[in-house]
Amino acid sequence: MDIFEITGFKEGVNKSGVSYLQPSDSFQKIEDGFVYRQVLQSRQGIGYYAPRLTNGTRVTGIFDFIQPDGTRELLVTDLNNMYTYNQVTGVFDLIPFAGGLAAYAGFNILNNENYISGVSYSDKNNGKRFVFTGNGIATAVSGKAIFYYDGTSILDFTVDNADFANPVEGNLIRAKHVSFFNQRLNFICPTIVSTQYNQGVLYSGIKSSSGNGDKFNVSGAGFFQFSTSEIIRSFKAVGQSLVFNLDKSTNTLDITADAFNPYRFRNIPSVIGSSASFSAVSWNNKVVSIGKSGIIEMDGRQSLRIDDNIPYFTSTEIDQNKFELIYGSIDPRFNQYLWTYLDNEGDNATTQNKVLVRNYEERSWSNYNLRLTCMSESELGLNLTWDEIDETAGNQSWSRWDTTEEEWDRIGQGNAVVKMLSGDDLGFIYEMNSGYDDYITEITAITNDSQAVLTVGACAIQVGDFVVVESVVGMLDDDGNSAINNYDPSTNQVDITLYEVLSATPTSITINVDTSLATAYTSGGRLSKPINFVAETIPLNPYRPIGRRINISHIEILLDNLSGSVKVDVLSNYNELPVISDVILRATDETIGQEWIPMNVNNEADFITFRFKQNSPSQQLKITSIRIHAEMGGETHG
């Protein structure tokens, strides 16, 4: 009997005859889960970071504003306004328009494919300032769409900034991206007069006490255009270079020692280009971006595809007409690149519904079922004490002792902890990987109706979601049992009959459960959307090269004892219908950290695939190893 073990602790074959398989090469699909530190696990849920933004509209940018004294301020933009995170109240405060923008009605961004680009950029006196622009922003009275935040208000960069000077090419209107790099302000794909230069980079003079860093007509300022018909899609500053991903190539502008000619052009050989303006992610002196033909990584010398395990993903799984919706970021805590996108089954949808995840350390891929518009990092958050938990604004998730979406040992550690934040179409800001729950809200009322209507705290649960209700007091049937609760968090419940959301607003949810004959609602309760984890191995048959089938007697999984249960399907050859389905495996001894759980298979086939599943609102699945006990079977069928 041969043993094949999916683990990352070892490679090759050891003396006991165990063949070790890397997780990155062993799974063909992971949904709502990932591999981290060689452990296969369901993703940790997202949690509401703060109360909903005032406008309740699409989030178009999340920014960590680093100020001259090194302090940070968290800024968020939606379709019309910018907000600042109030660390005292835990809410996002709307920032007023002032100066040349006093009568400004708002950004009025109409296209979901338009995002806001911004950068920390102090003024000539080292005063704090955050400059931002974007293709979708409505122009001000000045006819411009380049603004700045000075810590108090949002002002017109070209009107309220006395140091600003237009380039010799004409009036600067807006740009697709903005960056502070090489002691200069750089506008990528700027619009000058009425022309958008899709191959251009406009840069200011060297930042100085005379204000040259805001002038585009002085020595050291200039306008560079790539000699190509390709469009600059995305960019990132890496080391001594600005890296630009174009439609079919990669180019850089490297810093020179010449103050009057500050950049040197360099073309990087590239197998493919990029197709999404905000897909570029930089880490460890590398830039990763997404194109319709694949995913590339550039290290300053060459651009290479890194999607060999999912070579057709970007061309078959992503809506080809909505590529500009893709927004990339990085979560260094879990070694992940993340990109929001709209899948190709969007049925005329206009916003993202999935997140593609690349673990750059494990070289593994996964998908999250999340409706997010953009993402970014921040170190800001509330520093709570025990006495503040119940009354602090924005922390309703900590109002109950039986909550599972926050970890009690993190209380008081809100500040200086790196967080991955994200926003959505409804104006909610989330903290990614923040606990074991996902979309969740408190219930305050339930109707007695053929389709129960739940009054809830503001949440992003939407039509078509499948949800669980727990801890509701009242609403009993004739036998004294709950007519509404379908999940008990005190048990390792396996089979959950989920409710479907039939209609929804942020504060009212209708579900397909009849409560017309139940007693009246009394109090309490929570509504949440479980995390539906699925991981599927590649079809396995190491004996195929010699024309033999594989015969698997049993498998064992090393399961974390706090993981609850996992269901396993066994698929033969390429049939979608399992030969063995929904076998429940769970740890039996909670006094130890992990436990080997066996499962009989006794199946022979040309190929055998295993599918691991868990649908849980409160527990995170963790499988450290999977041992497959197999031997050579009969001859293959072809």
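What follows is a walk through the pockets, a strand barrel and the cavities of this predicted model. Residues are numbered from 1 along each chain as its sequence is written. Because the model is predicted, local features need pLDDT of at least 70 and side-chain atom pairs count only at pLDDT 80 or more, while totals for chains, interfaces and linings use all residues.

Let us start with the open spaces. A pocket here is an open set of points on a 1 Å grid over the protein atoms alone, with protein on both sides within 12 Å along at least five of seven lines, and its lining residues have an atom within 4 Å of a point. A volume is the space filled by probe spheres set on the points, which are joined across faces, edges and corners. The largest pocket has a volume of about 1000 Å³. Its lining counts 31 residues, and Phe63, Gly118, Lys236, Ser282 and Ser376 lie nearest its centre. Several strands (DSSP runs of E, at least two residues, numbered from the N terminus) supply at least two lining residues each, among them S8 (61–66), S16 (172–181) and S33 (374–378). By class, this lining has 16 nonpolar, 11 polar and 4 charged residues; Ala, Val, Leu, Ile, Met, Phe, Trp, Tyr, Cys and Pro count as nonpolar, Asp, Glu, Lys and Arg as charged, and the others, Gly among them, as polar.

The second largest pocket has a volume of about 390 Å³. Of its 19 lining residues, Asp32, Asn369, Lys529, Pro530 and Asn532 lie nearest the centre. Here the classes divide into 5 nonpolar, 5 polar and 9 charged.

Next, have a look at the barrel. Six strands close it in the order S36-S37-S41-S40-S38-S43, with antiparallel pairing; two strands pair if DSSP finds at least two bridges between them. One of the pairings joins S36 (residues 440–446) to S43 (residues 526–528) over 3 bridges, in the antiparallel sense. Within it, Thr441 has Leu527 of S43 as its bridge partner.

A cavity is a set of grid points where a 1.4 Å probe fits but cannot get out, and the whole structure holds 2 of 30 Å³ or more. The largest cavity contains about 60 Å³ of space. Ile6, Phe27 and Gln38 are among the residues that line it, and strand S50 gives the most, with 4 residues.

Technical notes
Side-chain values use heavy atoms; hydrogens and water are left out.
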